[in-house]
Amino acid sequence: AEASDADLSKLMLRLVGRIRDIYAGNPVWYMNRTVFEYLTVQRRTDVLNGGQLGYTDVDGRRTYFFHGIPIRISDQLTEAEATIS
């Protein structure tokens with residue numbers, strides 16, 4: 001799989017739009033390192049131009065965000081996970 005296979009940013013933005021009240025709880029993006037790598041490669045140009053993927057330091061650790069929602073990396077998630085429908 002290549003980073004260009006799916007437009008991850010577009011898919012993630014569509015997901016945000018489908019949730020009635022995204023901030024009613026504590027939303028978090030969960031992904032493994034491979035998906036995170038693909039997302040950062042795809043968003044590189046946008047980040048340089050002030051795009052949606054960013055980071056901040058929280059308690060001395062870099063925390064990544066997409067559309068204001070924190071990203072957590074979990075290597076227990078694999079590309080072979082079943083699709084949620």
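Residues are numbered from 1 along each chain as its sequence is written, and side-chain values use heavy atoms, without hydrogens or water. Because the model is predicted, local features need pLDDT of at least 70 and side-chain atom pairs count only at pLDDT 80 or more, while totals for chains, interfaces and linings use all residues.

**Whole protein.** Start with the cartoon view. Two helices and four strands make up the secondary structure. Along the sequence they run α-β-α-β-β-β. Helices (H or I, at least four residues) and strands (E, at least two) are DSSP runs, numbered from the N terminus. Of the 85 residues, 22% are buried. Buried means under 20% relative accessible area, exposed over 50%, partly exposed in between (1.4 Å probe, protein chains only).

**Aromatic pairs.** Now show the aromatic side chains. The whole structure holds two aromatic pairs. Rings of Phe, Tyr and Trp (its six-membered ring) pair if their centres lie within 6.5 Å; planes under 30 degrees apart count as stacked, over 60 as edge-to-face and the rest as tilted.

Select Trp29 and Phe66. They pair edge-to-face, with centres 6.1 Å apart and planes at 75 degrees. Trp29 sits in strand β1 (residues 29-31) and Phe66 in strand β3 (residues 61-66), so the pair ties together parts 37 residues apart in sequence. Both Trp29 and Phe66 are buried.

Next, select Phe36 and Tyr64. This pair is also edge-to-face: 4.9 Å centre to centre, 65 degrees between planes. Phe36 belongs to helix α2 (residues 33-48) and Tyr64 to strand β3, so parts 28 residues apart in sequence are tied together. Phe36 is buried, at 12% relative accessibility. Tyr64 is partly exposed, at 25%.
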